[in-house]
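Thanks, everyone. Please have the sequence and the view open.

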Amino acid sequence: ADPQKADRILDRDRDGNPMREKEIVAALLGELERRREERRPLELSWTLNANFLSGYQNCDINADSGEIETFLPGRDWEEQGVYNRIAPLMETRISALRALSYNMTVRPRTNEVSDWEKSDIATRLLRYTQSASDFEKKKNTLLLWSELCGSAFVLSYWDRNAGPSLSEPGASAGIEPHPGTPGTKEGDLGYGLLTPFE
């Protein structure tokens with residue numbers, strides 16, 4: 001790293017004191033670590049739920065170590081019987097949720113005609129993306145994560161590597177090929193899932 005660059009003032013804190021690159025990086029890493037520790041009990045409970053769902057129920061969270069530990073019978077002659085009560089409940093709930101229709105809709109912000117037209121176009125775009133992608137598979141995964149952890153997130157983004165190529169003649173109606181940029185694509189709306197762990 002360039003020492004002159006590291007010594008440059010990049011920002012100021014709330015009190016107006018100058019902050020350099022090393023201080024900003026250290027503050028960010030400290031904040032990430034603090035948030036990771038705050039989230040740790042939640043992640044342990046999610047992992048415990050996943051263990052119970054998969055039938056591995058001879059475990060619990062050790063409050064002292066902050067880890068999930070297996071507990072064994074106290075004596076050699078004791079047995080541990082496990083009846084999985086979580087899996088049937090989750091399967092029933094997920095099957096009921098899968099039966100619902102999940103058509104994406106955009107609602108207008110105001111009662112103006114232009115807002116209604118924009119929301120109608122946005123709704124059509126979303127429904128096209130939904131029908132042209134593997135929405136059912138993603139929806140089922142989303143429902144599983146939502147039931148297991150209590151939440152799951154859909155991340156929408158512009159995928160610049162999707163769609164037909166612009167460098168091939170006739171690839172897209174009305175758009176001339178760009179000979180200087182091979183492999184350039186039109187792009188398309190994309191979406192993916194984020195688990196609460198992410």
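Start with helix α5. How far apart are the end C-alpha atoms of α5? They are 21 Å apart. The helix has 15 residues, and at 1.5 Å a residue it should span 21 Å, so the two values agree. Keep in mind that this is a predicted model.

Now the sides of α5. Which residues of α5 are buried? They are F135, K139, L143, E147, L148 and C149. Note that a lysine, K139, and a glutamate, E147, are on that list. What covers them? The cover includes α2, residues 21-53, and α3, residues 86-98. It also includes α4 and β6, the latter being residues 188-194.

As a general point, an α-helix has 3.6 residues a turn, so residues three or four places apart point the same way.

Look at E136, which is also in α5, residues 135-149. E136 has 48% relative accessibility, so it counts as partly exposed. The cut-off for exposed is over 50%.

Then the end of the helix. Just after α5 comes G150, with a positive phi of about 95 degrees.

Next, helix α4, residues 113-132, which holds T129. Is T129 buried or exposed? Its relative accessibility is 9%, so T129 is buried. Leaving aside residues up to four places away in sequence, T129 touches L189 and Y191.

Let's step back to the whole chain. The protein chain has 5 helices and 6 strands. In sequence order the pattern reads α-β-β-α-β-β-α-α-α-β-β. Of the 198 residues, 18% are buried. The chain exposes about 15,100 Å², and carbon and sulfur atoms supply 54% of that. Now contacts between residues at least 6 apart in sequence. Of these, 50% join residues at least 24 apart.

On to charges. Side chains of opposite charge can pair when their charged atoms come close. How many salt bridges does the count come to? It comes to 10. I'll show three of them.

One is E38 with R34. Their closest N and O atoms are 2.4 Å apart. Both sit in helix α2, and because they are 4 residues apart, about one helical turn separates them. E38 is exposed at 54% relative accessibility. R34 is partly exposed at 39%.

Another is D120 with R124, at 3.3 Å between the closest N and O atoms. These two are in helix α4, again 4 residues apart, so about one helical turn separates them. D120 is partly exposed at 37%. R124 is exposed, with a relative accessible area of 60%.

Last, D134 and K138. Their side chains meet in a salt bridge, 4.0 Å from N to O. D134 has 40% relative accessibility and counts as partly exposed. K138 has 21%, and it also counts as partly exposed. The cut-off for buried is under 20%. There is also a network: salt bridges that share partners join E31, R34, R35 and E38.

Find its buried residues, F135 and L143 among them. Then find α2, α3, α4 and β6, which are included in their cover. That's my part; questions, please.

Terms used:
Residues numbered from 1 in each chain as written. Predicted model: local features only at pLDDT ≥ 70, side-chain atom pairs only at ≥ 80, totals over all residues. Heavy atoms only, no water. Buried < 20%, exposed > 50% of the residue type's maximum accessible area, 1.4 Å probe, protein only. Contact = heavy atoms within 4.5 Å. Areas by Shrake-Rupley, 256 points an atom, 1.4 Å probe, with all protein chains shown as cover. Expected span 1.5 Å × (residues − 1).
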